[in-house]
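User: I've got a model open and a few things I'd like to go through. Can you walk me through it, bit by bit?

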Amino acid sequence: MTEIAIKIKPLKGFTFLKDLKEGASFITENGLEGTVINSNEGSVLCYFTKYECDDVESEKYWLKNHKRIAPETNVKKKGS
């Protein structure tokens, strides 16, 4: 039996975070804005600067912090 790998694609109008270069700014599907700091095969290190949500705890968690997130996160590159 032959195994076939499933190829995943970003949502229409989006790109994967792993496809952005270091220093690129982006916005996630839910409005989280950040910049790519570094990436490797398993995660992308980002610095988040803006997040408009009603949950103050979520804002504190994400904003002004470096976080590692999945490379297959759907994002839109800022300025495009």
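User: Let's begin with Ser43: is it buried or exposed?

Analyst: This is a predicted model, so local features need pLDDT of at least 70, side-chain atom pairs count only at pLDDT 80 or more, and totals for chains, interfaces and linings use all residues. Residues are numbered from 1 along each chain as its sequence is written, and side-chain values use heavy atoms, with hydrogens and water left out. Buried means under 20% relative accessible area, exposed over 50% and partly exposed in between, with a 1.4 Å probe and protein chains only. Ser43 has 13% relative accessibility, so it counts as buried.

User: Which side chain does the Ser43 side chain make a polar contact with?

Analyst: Ser43 sits in the loop between strand E3 (33-39) and strand E4 (44-50); strands (E, at least two residues) and helices (H or I, at least four) are DSSP runs numbered from the N terminus. Contact here means heavy atoms within 4.5 Å, and, leaving out residues up to four places away in sequence, Ser43 touches Arg68, Ile69 and Pro71. A polar contact is a pair of N or O atoms within 3.5 Å; within protein, one must be able to donate a hydrogen and the other to accept it, and residues adjacent in sequence count only if both atoms are side-chain atoms. At 3.0 Å, the side chain that pairs with Ser43 in this way is that of Arg68.

User: Which residues form the covered face of strand E5?

Analyst: In a regular strand the side chains alternate between the two faces of the sheet. In E5 (residues 66-69), His66 and Arg68 make up the uncovered face. The covered face is Lys67 and Ile69.

User: What is the bridge partner of Val44 in E5?

Analyst: Two strands pair if DSSP finds at least two bridges between them. Val44 is the bridge partner of Ser39 in E4. In E5, the partner of Val44 is Ile69.

User: Which are the edge strands of the sheet?

Analyst: Along the sequence, the chain reads β-β-β-β-α-β-β, with one helix and six strands. The six strands form an open sheet with antiparallel pairing, in the order E1-E6-E2-E3-E4-E5. Pairing on one side only marks the edge strands, which are strand E1 (15-16) and E5.

User: How far apart are the C-alpha atoms of Lys76 and Leu20?

Analyst: Lys76 belongs to strand E6 (residues 74-77) and is partly exposed, with a relative accessible area of 42%. Apart from neighbours within four places in sequence, Lys76 is in contact with Gly13, Phe14, Ser25, Phe26 and Ile27. Leu20 is 56 residues away along the chain, yet the two C-alpha atoms are separated by 9.7 Å.

User: What about Lys64: what is its phi?

Analyst: Lys64 lies in the loop between helix H1 (56-62) and E5. At 55% relative accessibility, Lys64 counts as exposed. Although Lys64 is not a glycine, it has a positive phi of about 60°.

User: And for the whole chain, what share of the residues counts as buried?

Analyst: The C-alpha atoms fill a box of roughly 50 × 25 × 25 Å, taken along the principal axes. Residues 24 or more positions apart account for 41% of the contacts with a separation of 6 or more. Of the 80 residues of the chain, the buried share is 29%.
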